[in-house]
Amino acid sequence: MNFFKRIKKAGRDFEIKKLAQKEFERRYSYPVLKKENWQVKEKLKEATSKNLELIRKAPHRPEGISYYEDIISGDKREKELQKFSGKIIGSFCIFTPEELIHSACAIPVRLCAGAYDTISIAEEVLPRDICPLVKSSFGFKVARFSYFELCDAVISPTPCDDKKKLGEILSNYLPVWSLRLPQSKEIGHSQEYWLREIRILKERIEQLTCNKITKKSLKESIRILHKRQEVLRRFYELRKNNPPLINGRDALLVIQTGFYDDINRWIEKTQKLCDELEERKSNNKLPLSNCRLLLTGAPIIWPNYKLLNIIEEMQSTIVIDELCSGTRHFYDPVEVNEWTMDGMLQAIANRYLLPSSCPCFTESDDRIDKILQSAEDFKVNGVIHHSLRLCPLYDMELPKVSRVFKDKGIPFLAIHTDYSLEDIEQIRTRVEAFLEMLRSRT
Ligand code: SF4
Ligand code: SF4
């Protein structure tokens with residue numbers, strides 16, 4: 001190679017190196033978060049009020065639901081948490097034992113998000129082709145918005161690849177504790193491993209809060225969470241009524257505000273709501289429904305109520321769900337055999353692993369059994385399965401789940417979507433055809 005060619009090549013190599021360096025920085029040096037992103041905040045407020053507007057159009061909603069609307073709107077609870085002098089601990093999914101957080105006088109907040117408007121800001125750091133829920137949740141941190149900003153630490157379970165990596169990336173911004181899930185629930189050594197994870201988590205919470213989790217405080221927390229679970233079961237019993245006493249969107253509002261509301265107040269308000277629903281039984285203005293639906297699949301989280309709005313705007317009601325953002329979150333109690341510290345930790349470990357029907361585990365038959373049981377108990381006319389684009393877990397289970405319902409003669413509709421609003425009309429057409437088919441059967 002002659003001299004001039006060598007110089008040219010060296011220059012080109014230098015340029016390539018510079019570009020590679022820039023690309024590396026773009027990918028791996030995470031942005032410094034300077035201030036709250038007001039544009040995103042405004043868009044979120046808009047999404048919240050639009051959704052509430054749509055929900056409020058539903059007929060004969062219970063009066064007590066206005067409390068949950070207030071909480072889901074954000075400001076009220078955010079201000080309360082800002083004033084809280086203890087620690088706030090964020091978490092994802094449904095594997096974090098809230099009992100441990102409460103008993104250390106801290107407040108748990110579930111951070112899984114359903115906002116479309118935080119996705120583009122998250123994509124400045126995360127790749128585009130990953131789960132929308134993960135991007136949306138991370139976007140709240142990048143926008144320095146809402147409950148994320150108030151968290152002193154985040155517990156990050158590892159159910160799928162996207163959540164695992166989310167935890168790693170988040171650790172650039174705040175303390176993150178991985179809660180490593182076993183692949184299987186059934187085998188003994190998985191359960192031992194999980195119990196160890198729970199013990200490690202307990203120590204971390206104690207260190208962060210500087211509060212010792214004692215036998216007494218843990219017992220008290222278990223008792224309070226039992227109360228929440230009891231009221232929730234009462235609420236679900238009432239949802240069996242036909243005509244329905246409450247629609248599916250309002251029911252999810254009730255559950256999802258419980259992810260970060262003051263627990264004692266939430267229990268009290270939900271007791272009152274149940275009393276109101278009980279009274280409605282004798283004075284129900286809603287007609288008998290022949291479109292009672294069960295909703296299953298990937299989580300649907302506020303404000304991504306797109307599918308719910310479409311379904312319930314067509315005179316049908318979601319009477320039960322099998323979502324980790326719904327029924328699955330609070331339903332099962334911690335069952336303690338021995339009120340020693342070891343006995344309570346064992347019971348907590350069992351509660352957060354064994355009844356979970358999250359498809360991240362290698363076995364999925366218990367999820368199918370649960371859906372079938374609910375379909376029977378709530379006398380549903382059809383099942384809608386929600387698949388979130390780029391979430392392979394639910395998609396891979398779909399053929400098995402749909403076959404089971406087909407064999408039982410229960411109509412089944414699978415919807416693939418994400419957080420964008422572009423496919424609304426397409427989904428509406430499919431849901432409309434499905435509901436027409438249901439009506440023609442009765
Ligand atoms: S389905 Fe499982 S992994 Fe996915 S968000 Fe829910 S709890 Fe987490
Ligand atoms: S929705 Fe699917 S991909 Fe997304 S976090 Fe949950 S399990 Fe993982």
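Which residues are around ligand 2? In this predicted model, the residues around ligand 2 are Cys131, Leu133, Val134, Pro159, Cys160, Asp162, Lys163, Ala298, Pro299, Leu388, Cys391 and Leu393. Sorted by class, the shell around ligand 2 holds 10 nonpolar residues, no polar ones and two charged ones.

Around ligand 1 stand Cys93, Ile94, Cys112, Pro159, Cys160, Pro299, Cys324, Cys358 and Cys360. The shell around ligand 1 divides into nine nonpolar residues, with no polar and no charged residues among its members. Pro159, Cys160 and Pro299 are listed around ligand 1, and Pro159, Cys160 and Pro299 are also listed around ligand 2.

## The sheet of E1 to E4

Strands E2, E1, E3 and E4 form, in that order, an open sheet of four strands with parallel pairing. At its edges are strand E2 (107–110) and strand E4 (176–179), each of which pairs on one side only. From one strand to the next, the twist averages 25°.

Within this sheet, strand E1 (residues 88–91) and strand E3 (residues 153–157) run parallel and are joined by three bridges, and Gly90 stands opposite Val154 in E3.

Six bridges pair strand E7 (residues 382–388) with E8 in the parallel sense, and Ser387 has His416 in E8 as its bridge partner.

## Helix H11 against helix H13

Helix H11 (residues 215–238) packs with helix H13 (residues 263–280) at an angle of about 25°, and their axes are 10 Å apart. That angle makes H11 roughly parallel to H13, and H11 passes H13 in a left-handed crossing.

On the H11 side, the residues that meet H13 are Ile224, Lys227, Arg228, Val231, Arg234, Phe235 and Leu238, while H13 brings Ile263, Ile267, Thr270, Gln271, Cys274, Leu277 and Glu278. By class, the residues of this contact divide into eight nonpolar, two polar and four charged.

## Helix H3 against helix H12

Helix H3 (residues 65–72) and helix H12 (residues 248–257) have axes that come within 9 Å and cross at roughly 55°. H3 and H12 are therefore oblique to each other, and their crossing is left-handed.

The contact is made by Ile65, Tyr68, Glu69, Ile71 and Ile72 of H3, together with Asp250, Leu253, Val254, Gln256 and Thr257 of H12. The residues of this contact comprise six nonpolar, two polar and two charged.

## Backbone features in the loops

Where in the chain do Pro243 and Pro303 lie? Pro243 is in the loop between H11 and H12, and the peptide bond that leads from Asn242 to Pro243 is cis, with omega near 10°. Pro303 is in the loop between strand E5 (292–297) and helix H14 (306–312), and a cis peptide bond, with omega about 0°, joins Trp302 to Pro303.

Another loop, the one between helix H5 (98–103) and E2, contains Cys105. Phi of Cys105 is near 60°, which is a positive value in a residue other than glycine.

Definitions and conventions
Residues are numbered from 1 along each chain as its sequence is written. Chains are lettered from A and ligands numbered from 1 in the order in which they are written. This is a predicted model: local features need pLDDT of at least 70, side-chain atom pairs count only at pLDDT 80 or more; totals for chains, interfaces and linings use all residues. A residue is near a molecule or strand if its C-beta atom, placed from the backbone, lies within 6 Å of it. Ala, Val, Leu, Ile, Met, Phe, Trp, Tyr, Cys and Pro count as nonpolar, Asp, Glu, Lys and Arg as charged, and the others, Gly among them, as polar. Axes are lines fitted to C-alpha atoms, for helices over the stretch in contact, and angles run from 0 to 180 degrees between N-to-C directions. Helices (H or I, at least four residues) and strands (E, at least two) are DSSP runs, numbered from the N terminus. Angles under 35 degrees count as roughly parallel, over 145 as roughly antiparallel, 65 to 115 as roughly perpendicular and the rest as oblique. A crossing is left-handed if the near helix is turned anticlockwise from the far one by less than a right angle, and right-handed if clockwise. Two residues are in contact if their C-beta atoms, placed from the backbone, lie within 7 Å. Two strands pair if DSSP finds at least two bridges between them.
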